[in-house]
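Please have the viewer open as you read.

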Amino acid sequence: MGKTSNIYVRVEPNIKEQAEIVLEQLGIPMSNAVSIFLRQVVMQNGLPFEVKIHGSRPIAIADMSEAQFNMEMLKAQNDFEKGKTYSLEEVENELKKELLDEI
């Protein structure tokens with residue numbers, strides 16, 4: 001390995017502890033994980049994962065581009081094929097819970 005440079009990062013203690021547990025199970029030191037992340041930033045020319053703000057409501061179909069609509073349909077198909085579905089009763093219970101939380 002060539003020269004190295006130090007990075008000082010402030011993170012919440014519980015996040016650091018949880019990350020250390022996961023990385024220990026993977027056998028990867030924290031410094032290596034940060035280096036992997038930074039290399040991926042360089043290789044991807046951006047963050048190596050999707051970052052988005054989730055609104056309180058889904059986007060209306062009328063406001064979606066064709067590409068966005070097709071992507072949502074592919075996600076739905078993928079979820080269905082993996083069994084990531086909810087029964088009507090589960091959906092109703094969750095909606096009731098959310099409505100009660102708003103009151």
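Let us begin with Glu20, which counts as partly exposed because its relative accessibility is 34%, a value between the 20% and 50% cut-offs. Bear in mind that this is a predicted model. Glu20 forms a salt bridge with Lys16, and their closest N and O atoms are 2.8 Å apart. Lys16 is partly exposed too, with a relative accessible area of 41%.

By the rule used here, the count comes to 2 salt bridges. The other partners to look up are Lys75 and Glu72, whose side chains meet at 3.1 Å, N to O. Being 3 residues apart in helix H3, Lys75 and Glu72 are also separated by about one helical turn. Lys75 is partly exposed at 33% relative accessibility, and Glu72 is partly exposed at 34%.

| Salt bridge | N to O distance | Helix and spacing |
|---|---|---|
| Lys75 and Glu72 | 3.1 Å | H3, 3 residues apart |

Helix H3 covers residues 66-81 and also holds Met73. Met73 is partly exposed, with a relative accessible area of 44%. Its C-alpha atom is separated by 37 Å from that of Val11, which is 62 residues away along the chain.

Back in helix H1 (residues 13-26), the geometry can be checked by hand: at 1.5 Å a residue, its 14 residues should span 20 Å, and the end C-alpha atoms are 20 Å apart, so the two values agree. Just after H1, Gly27 takes a positive phi of about 75 degrees.

Which residue other than glycine has a phi near 60 degrees? That is Asn45, in the loop between helix H2 (30-44) and H3. Most residues other than glycine have a negative phi. Asn45 counts as exposed, at 73% relative accessibility.

Now for the largest pocket, which holds about 630 Å³ of space. Its lining has 18 residues, and Ile7, Met30, Ser31, Val34 and Ser35 lie nearest the centre. H2 gives the largest share of that lining, 6 residues, while H1 and H2 each supply at least two. By type, the lining divides into 10 nonpolar, 6 polar and 2 charged residues.

Finally, a word on confidence. The chain has a mean pLDDT of 88, with 92% of its residues at 70 or more. Among its elements, H2 has the highest mean pLDDT (95) and helix H4 (residues 88-102) the lowest (87).

Terms used:
Residues are numbered from 1 along each chain as its sequence is written. This is a predicted model: local features need pLDDT of at least 70, side-chain atom pairs count only at pLDDT 80 or more; totals for chains, interfaces and linings use all residues. Side-chain values use heavy atoms; hydrogens and water are left out. Helices (H or I, at least four residues) and strands (E, at least two) are DSSP runs, numbered from the N terminus. Buried means under 20% relative accessible area, exposed over 50%, partly exposed in between (1.4 Å probe, protein chains only). The expected span of a helix is 1.5 Å times one less than its number of residues. pLDDT is the predictor's confidence in each residue, from 0 to 100. On a 1 Å grid over the protein atoms alone, a cavity is a set of points where a 1.4 Å probe fits but cannot get out, and a pocket is an open set with protein on both sides within 12 Å along at least five of seven lines; lining residues have an atom within 4 Å of a point. Grid points are joined across faces, edges and corners, and a volume is the space filled by probe spheres set on the points. Ala, Val, Leu, Ile, Met, Phe, Trp, Tyr, Cys and Pro count as nonpolar, Asp, Glu, Lys and Arg as charged, and the others, Gly among them, as polar. A salt bridge is a side-chain nitrogen of Lys or Arg within 4 Å of a carboxyl oxygen of Asp or Glu.
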